[in-house]
Amino acid sequence: MKKKFALSFLTIASVALLAACGEVSTSGSNTTGNEIGKELKIGFNFEKTGEVAAYGSAEQKGAQLAVDEINANGGADGKKIVVTDKDNKSETAEAATITTNLVTQSKVNALVGPATSGATAAAVANAGKAGVPLVTPSATQDNLTKGQDYLFRATFIDSFQGQIIAKYTMDNLKAKKVVLYYDNSSDYAKGIAEAFKKSYKGEIVATETFQSKDTDFQAALTKIKDKDFDAIVLPGYYTETGKIVNQARGMGIKQPIIGGDGFSDAKFVEQATPAAATDIYYVAGFSTEGEMTDKAKKFVEAYKAKYNEEPSMFAALAYDSVYMVAEASKGAKNSVELKDNLAKLKDLEGVTGTMSIDKDHNPVKSALMIGLKDGKVESVESVKP
């Protein structure tokens with residue numbers, strides 16, 4: 001396949017489309033929040049160990065790089081950023097407990113993380129009660145920010161991913177018949193799957209599901225193998241989808257496989273193996289391949305110099321999240337005012353695109369479709385839903 005690079009990013013408005021179900025609203029908080037003194041205090045709440053540690057550990061590195069850069073350049077609004085860094089161990093209950101500790105004991109002015117939608121949903125109520133804004137780099141569930149005055153995100157939402165997967169599958173891959181195989185234990189994967197089903201104009205010849213922590217996918221793949229289909233749509237996290245790709249290719253299933261940004265980590269290729277990771281496509285908000293802005297190039301150089309590795313999309317999103325907080329801290333006397341400033345952010349240049357925050361606290365920003373061959377990026381394309 002000829003290598004293709006997008007010459008321009010796709011600008012999108014991330015709009016929450018699904019009704020919220022049982023969320024705890026923070027819109028009625030009367031707290032004055034935590035005072036911003038001579039330092040800007042930020043709490044990190046990342047999945048540095050546990051099931052999705054690849055996401056959280058990358059985000060911690062990206063966020064810390066941003067803090068180091070800002071401090072080296074005079075601080076945020078002239079204030080040194082001081083970080084309290086916690087590991088939520090990829091557990092939702094731990095994410096909530098850590099949030100309480102950070103906002104009440106450490107008296108942070110803002111939180112960055114968690115990475116996943118489930119952990120973010122568990123953490124936001126405690127943040128909102130204390131009047132402290134939370135910026136999640138990568139939680140994508142559609143209804144997550146609905147009714148949440150103190151929750152913001154740096155990435156696009158699940159339904160958008162489902163829409164662009166549907167269009168790319170039909171228009172670019174020319175796949176008129178697909179198998180939909182998704183993680184039924186993940187709100188993230190279910191959200192993408194539902195949006196895909198609503199947007200896809202072709203035929204879904206079979207629908208199969210798996211669960212988080214499954215390791216053997218032979219039964220479902222055996223059922224799929226002999227069906228007439230052009231591609232597999234596979235919403236889920238790298239922990240399972242990488243294994244599915246490996247087992248599918250091992251069984252002789254050669255059709256293209258396409259997924260969301262849960263594929264966007266080197267661990268996905270490790271799980272799949274480079275030999276099996278061919279004709280794989282996934283949504284991403286950032287890539288070190290293709291056209292990059294000067295800001296993005298400098299970020300990649302700095303990240304590689306500090307950590308001796310390529311930054312993932314998750315590292316880039318966390319880096320941008322810290323810059324969102326730093327920008328919003330300008331003129332703010334406390335965490336509530338910082339929250340108000342986050343809601344007004346407009347045209348902030350990040351390494352993952354130029355961002356403006358919409359009325360639902362979602363970013364208007366860029367999206368890409370990445371193609372892999374032998375585990376390496378072969379194509380980077382912009383796609384409209």
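Me: What is the relative accessible area of D68?

Reply: D68 has a relative accessible area of 31%, which makes it partly exposed. The cut-offs are these: buried means under 20% relative accessible area, exposed means over 50%, and partly exposed lies in between (1.4 Å probe, protein chains only). Before we go on, some ground rules: this is a predicted model, where local features need pLDDT of at least 70 and side-chain atom pairs count only at pLDDT 80 or more, while totals for chains, interfaces and linings use all residues. Residues are numbered from 1 along each chain as its sequence is written, and side-chain values use heavy atoms, with hydrogens and water left out.

Me: How do I read a salt bridge, and which residue does D68 pair with?

Reply: Side chains of opposite charge can pair when their charged atoms come close. The test used here is a side-chain nitrogen of Lys or Arg within 4 Å of a carboxyl oxygen of Asp or Glu. D68 forms such a bridge with K306, with 3.0 Å between the closest N and O atoms. The two sit in distant parts of the chain, 238 residues apart: D68 in helix α1 (residues 53-72) and K306 in helix α9 (residues 294-307). Helices (H or I, at least four residues) and strands (E, at least two) are DSSP runs, numbered from the N terminus. K306 is partly exposed too, at 41% relative accessibility.

Me: How many salt bridges does a search of the whole structure find?

Reply: That search turns up 13 salt bridges. One of them joins D340 to K339, with the closest N and O atoms 2.8 Å apart. Here D340 is partly exposed at 31%, whereas K339 is buried at 12%. Another pairs K359 with D360 at 3.2 Å between the closest N and O atoms, and K359 is exposed, at 72% relative accessibility.

Me: Next, polar contacts. Which side chain does the side chain of N362 touch in a polar contact?

Reply: The general idea is a pair of N or O atoms within 3.5 Å; within protein, one must be able to donate a hydrogen and the other to accept it, and residues adjacent in sequence count only if both atoms are side-chain atoms. For N362, the partner is the side chain of R153, at 2.5 Å. N362 is in the loop between β14 (353-357) and β15 (363-365), and N362 is buried, with a relative accessible area of 0%.

Me: What about cavities: how many are there of 30 Å³ or more?

Reply: On a 1 Å grid over the protein atoms alone, a cavity is a set of points where a 1.4 Å probe fits but cannot get out, and lining residues have an atom within 4 Å of a point. Grid points are joined across faces, edges and corners, and the volume is the space filled by probe spheres set on the points. By this rule there are 2 cavities of 30 Å³ or more.

Me: Which residues line the largest cavity?

Reply: Its lining includes Y55, T116, S138, Y188, Y237, D261 and F314. By class, the lining has 6 nonpolar, 5 polar and 1 charged residues. Ala, Val, Leu, Ile, Met, Phe, Trp, Tyr, Cys and Pro count as nonpolar, Asp, Glu, Lys and Arg as charged, and the others, Gly among them, as polar. At least three lining residues come from each of domain 1 (39-156 + 292-365) and domain 2 (159-284), with domain bounds taken from an automatic or database domain assignment.

Me: Now the backbone. Where is there a cis peptide bond?

Reply: Most residues other than glycine have a negative phi, and most peptide bonds are trans. The peptide bond from G113 to P114 is cis, with omega near 10 degrees. P114 is in the loop between β5 (110-112) and α3 (117-129).

Me: And what is the phi of K213?

Reply: Phi of K213 is near 80 degrees, a positive value in a residue other than glycine. K213 sits in the loop between β9 (203-210) and α6 (218-225), and K213 is exposed at 60%. D347 also has a positive phi, near 55 degrees. D347 belongs to the loop between α11 (335-342) and β13 (348-350), and at 53% relative accessibility D347 counts as exposed.

Methods
1 Å grid on protein atoms, 1.4 Å probe; cavity = no way out; pocket = protein on both sides within 12 Å on 5 of 7 lines; lining within 4 Å.
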